[in-house]
Amino acid sequence: MRDLNKRVETVVNKLFHGNQSAAAQDLQVSQSALSQVIAGKKNVGHKLSKAITDHPKINAQWFHSGDGAVVARFFVVSARKLGRVSGSMPFFFLGWRGSL
């Protein structure tokens, strides 16, 4: 379980520049729970694990096994989430990370 705790810390550092508050808000978990996991006081629970593996920028395989890159090669971001689209029509951006 400590490996998962370290991977949570890696996610916060790489994707959120160490900002636990921003990570907690984006992952929709409490900052307190996230902090306790990173400090090793709590193990990664189901809610946090699911939030991380469901995140479009995080490579779920890496999170579970440690294999591969932290950041998913393909990710989909809703433009509405980015605050650039209003109304009811969804718009998505397909991004590419990494090299071929």
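**Charged pairs, packing and loops**

Reader: Let's start with Lys6: buried or exposed?

Author: Lys6 is exposed, because its relative accessibility is 51%. Buried means under 20% relative accessible area, exposed over 50%, and partly exposed in between, with a 1.4 Å probe and protein chains only.

Reader: Before I get carried away, what kind of model is this?

Author: It's a predicted model, where local features need pLDDT of at least 70, side-chain atom pairs count only at pLDDT 80 or more, and totals for chains, interfaces and linings use all residues. Residues are numbered from 1 along each chain as its sequence is written, and side-chain values use heavy atoms, with hydrogens and water left out.

Reader: Okay, back to Lys6. What does it form a salt bridge with?

Author: Its partner is Glu9, with 3.2 Å between the closest N and O atoms. A salt bridge here is a side-chain nitrogen of Lys or Arg within 4 Å of a carboxyl oxygen of Asp or Glu.

Reader: Where do Lys6 and Glu9 lie?

Author: Both are in helix H1, three residues apart, which is about one turn of the helix. Helices (H or I, at least four residues) and strands (E, at least two) are DSSP runs, numbered from the N terminus.

Reader: And how accessible is Glu9?

Author: Glu9 has a relative accessible area of 23%, so it counts as partly exposed.

Reader: How many salt bridges does the structure hold?

Author: Two. Besides the Lys6 and Glu9 pair, the side chains of Lys50 and Asp54 meet in one, at 2.6 Å from N to O.

Reader: How far apart are Lys50 and Asp54 along helix H4?

Author: They sit four residues apart in H4, so about one helical turn separates them. Lys50 itself is partly exposed, because its relative accessibility is 42%.

Reader: Why would side chains like that pair up at all?

Author: Side chains of opposite charge can pair when their charged atoms come close.

Reader: Pick one of them for me. What's Thr53 in contact with?

Author: If you leave aside neighbours within four places in sequence, Thr53 is in contact with Ala60, Phe63 and His64. Contact means heavy atoms within 4.5 Å. Thr53 counts as buried because its relative accessibility is 18%.

Reader: Let's go back to H1. Which residues of H1 and H3 meet?

Author: On the H1 side there are Asn5, Val8, Glu9 and Val12, and they meet Leu34, Val37 and Ile38 in H3. Glu9 is also the salt-bridge partner of Lys6. Its C-alpha is 8.3 Å from that of Val37, and the two are 28 residues apart in sequence.

Reader: Changing topic: loops. Where does Asn59 lie?

Author: Asn59 is in the loop between H4 and H5. It still counts as buried, because its relative accessibility is 19%.

Reader: What does Asn59 touch?

Author: Not counting residues up to four places away in sequence, Asn59 touches Asp67, Gly68, Ala69, Val70, Val71 and Ala72.

Reader: Tell me about Ala69 from that list. Where is it?

Author: Ala69 lies in the loop between H5 and strand S1 (74-78). With a relative accessibility of 43%, Ala69 is partly exposed. Apart from residues up to four places away in sequence, it touches Asn59 and Trp62. Ala69 and Ile58 are eleven residues apart in sequence, with 8.7 Å from C-alpha to C-alpha.
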